[in-house]
Amino acid sequence: MTAVEDRIAELGLTLPDVVPPLATYQPAVRSGSYVHTAGQLPMVDGAIPVTGKVGAEVSPEQAKELAARCALNGLAAVKSVIGDLDKIVRVVKVVGFVASAPDFTGQPGVLNGASELLGEILGEKGVHARSAVGVAVLPLDAPVEVEFLVEVRD
């Protein structure tokens, strides 16, 4: 295992298999020194553990945990392209979408789940710019979706 994967294990987590695309796209694509991930849903063993709108059927705390799972799935997608997570120079940008009840305004807190996990795993390399956007609905009625841009080295 690599140092990054050792850190994932230290946190009691396992890097999952790459989530297969739900449509016509790639889970991650490299362009030069950057890897762009597709939007990652909080899939666990082929299913989304909790569905619905945050602030209605899904609590902000549950959604925060699901955002962390999205980030872990995103790291798996990055690994599928670069082969070794130790090649990550830094996470540049994280974009998160939160399927929100009409009166829910806590999208940044939900996305902290992804941001905090990336920081725990990658340290300073995990510090990034971010957008947190509330939306009406996401694929498969997922509460959250996360994508990111990662700078990598050869």
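Leu 22, Tyr 25 and Leu 140 make up a nonpolar surface patch with about 290 Å² of accessible area together. Patch members have over 30% relative accessible area and no salt bridge, with nonpolar side chains joined within 5 Å; areas are Shrake-Rupley with a 1.4 Å probe. This is a predicted model, where local features need pLDDT of at least 70 and side-chain atom pairs pLDDT 80 or more, while totals for chains, interfaces and linings use all residues. Residues are numbered from 1 along each chain, and side-chain values use heavy atoms, leaving out hydrogens and water.

**Around Tyr 25**
- Tyr 25 sits in the loop between α1 (3-10) and β1 (28-31).
- Its relative accessible area is 34%, so Tyr 25 counts as partly exposed (between 20% and 50%).

**Strand β5**
- β5 (residues 144-152) is mostly covered, with 7 of its 9 residues buried (under 20% relative accessible area).
- β2 (residues 34-37) runs antiparallel to β5, joined by 3 bridges, and Val 35 faces Val 150 across the pair.
- β3 (residues 88-99) is also antiparallel to β5, over 9 bridges, with Arg 90 opposite Glu 151.

- Beyond four places in sequence, Leu 75 touches residues including Leu 15, Ile 88 and Phe 148 (heavy atoms within 4.5 Å).

Definitions and conventions
Patches are made of residues with over 30% relative accessible area and no salt bridge: like charges are joined within 9 Å, nonpolar side chains (Val, Leu, Ile, Met, Phe, Trp, Tyr) within 5 Å. A salt bridge is a side-chain nitrogen of Lys or Arg within 4 Å of a carboxyl oxygen of Asp or Glu. Helices (H or I, at least four residues) and strands (E, at least two) are DSSP runs, numbered from the N terminus. Buried means under 20% relative accessible area, exposed over 50%, partly exposed in between (1.4 Å probe, protein chains only). Two strands pair if DSSP finds at least two bridges between them.
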